[in-house]
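Please look at the chain shown here and read the report beside it.

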Amino acid sequence: MTLHGPGAATGDLEARAVRWIQHRLAGTGAGVVGDPGALTAALAGSVTDAGLGLDGAWRMFADVAAPNNVGLDSNRFLAFIPCSPSAAAVWMDAIVGTANFSGEAWLEAAGAIAAEQHVLQFLADQAGLPAGAGGCFMSGGSIGNLSALAVAREQAGERRTVVVADTAHASVHNALHLLGLRSLVVDTGHDCRLTGAAIRAATAGRTDITAIVASAGSTNAGVIDDLSGCADAADELNAWLHVDGAYGLAAMLLPELRSQFAGIERADSFIVDPHKWLFAPVGSCALFYRDPALAAAVHTQHGPYIESIRTGDGTYNPSDLGYQLTRRASGLPLWFALALHGVDAHRKAIRAGVHLAAQMADALDACPTTQLVMRPTLGVVLFRRDGWGRAEWQRWAADVLAAGIAFVAPTTHRGEPVGRLVFMHPLTPPSVVSELIAGLR
Ligand SMILES: Cc1ncc(COP(=O)(O)O)c(C=O)c1O
């Protein structure tokens, strides 16, 4: 029995795997949260000296590991930040995993990196970054934020305070903690939007500001900060401007929303996650720097076993620009889907979420028992229901899931329990709006 090569003892695993992927791509439900005791019991004995053989191992996967998950890729998953990968991106991701394009160094994966670079250049151009800007793909937004803020810290000498909005994603706070940086949390007020004026008021007289972190689509409410105002404030403070666009920056591709992102072209660094609103599978963040040389000075790893990847011929190594060394070529699925379907098809898919969020907002406005917290710009809708507190919201989420309408997760807004819906999957049926409203009346 062999593990590798044409003689690998895998039986008809290929056919099973392809069938499984095809079935998943045809659509999936909201899924379930597995029971810890039952899962532990069911998986007991799955790793043995002799192995279970294909039928036994596949049963463990298909009957235990696979079904006991929530389907973030379901078109009825409206919680957290969903993941709605396109069919093309999923298949290319399977190929990337098979080929193990080792995306850290040009020497190892020139073709894959060149394709990734092509899509990075496209996104940098869309943002309006100047010539010479560049970046790399990392595994996710948290690593992207950490990598960028590590570069920001290096530019700041002894200054150690970073301005963050009270709406910043948790990964920003984690990154600052890991980097030994302090956060200066700025209150964003009723519209949840970080502005230059608010930053100026909070930093008056201070000389210790390293960086400003703004959001291009906050996680909880989908609010795009005043990026131009943040860039002005960063100039005045001689501070780095990082924009966390992990969720929302994909919407800059829509001409009708592009002006909301004005100022992104002035960022020193920013991220956008293909595994969020660019329809790539989990594991992909596009990280950009206005001046990649500053990033290379921070992130380049050295060692006798690795110096040969520096070929000195002007090619670049993604691992020099971010925290990861060995790296899946996680930009390839997005590149391939763009190459196959074109940008317009992606614009249309993003727009579907924006439109459905607007329809949901209209319906909540018209419903006598609900009020919007704010009008959505992107795909996130926050709303109140008369008389509902935490317990009622939890019951609503359970009822809506049990009825097969959607997977939803309530949140809080300024400490108040509220409803939250995130529209991303282009095939979410518009009927979900009336189905949800029925349970809110
Ligand atoms: C705005 C924002 N930034 C960063 C992150 C973290 O990204 P990841 O989960 O890919 O690490 C998220 C995740 O939802 C996010 O919404």
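What follows describes a predicted model, starting with its sheet and ending with its domains.

**The sheet**

Seven strands make up an open sheet with mixed pairing, in the order E1-E7-E6-E5-E4-E2-E3. Which strands stand at the edges? They are E1 (134-138) and E3 (182-186); each has a single partner strand, so one side of each is left without a neighbour in the sheet. From one strand to the next, the twist averages 20°.

Within this sheet, strand E5 (residues 240-244) pairs with strand E6 (residues 269-272) in the parallel sense, over 3 bridges. His242 has Ser269 in E6 as its bridge partner.

**Helices on the sheet**

Helix H8 packs on the sheet, and helix H9 also packs on the sheet. The table lists the strands that each helix touches, with an angle between directions.

| Helix | Strands touched | Angle between directions |
|---|---|---|
| H8 (residues 196-203) | E2 (161-165), E3 and E4 (209-215) | about 125° with E3 |
| H9 (residues 227-237) | E4 and E5 | about 175° with E4 |

The domain assignment of the protein chain gives domain 1 as 91-341 and domain 2 as 343-438. Their C-alpha centres are 28 Å apart. How many residues of domain 1 are in contact with domain 2? There are 18, and they meet 17 residues of domain 2. On the side of domain 1 that touches domain 2, 11 residues are nonpolar, 6 are polar and 1 is charged.

Note on methods: Residues are numbered from 1 along each chain as its sequence is written. This is a predicted model: local features need pLDDT of at least 70, side-chain atom pairs count only at pLDDT 80 or more; totals for chains, interfaces and linings use all residues. Two strands pair if DSSP finds at least two bridges between them. Helices (H or I, at least four residues) and strands (E, at least two) are DSSP runs, numbered from the N terminus. Axes are lines fitted to C-alpha atoms, for helices over the stretch in contact, and angles run from 0 to 180 degrees between N-to-C directions. Two residues are in contact if their C-beta atoms, placed from the backbone, lie within 7 Å. Domain bounds come from an automatic or database domain assignment. Ala, Val, Leu, Ile, Met, Phe, Trp, Tyr, Cys and Pro count as nonpolar, Asp, Glu, Lys and Arg as charged, and the others, Gly among them, as polar.
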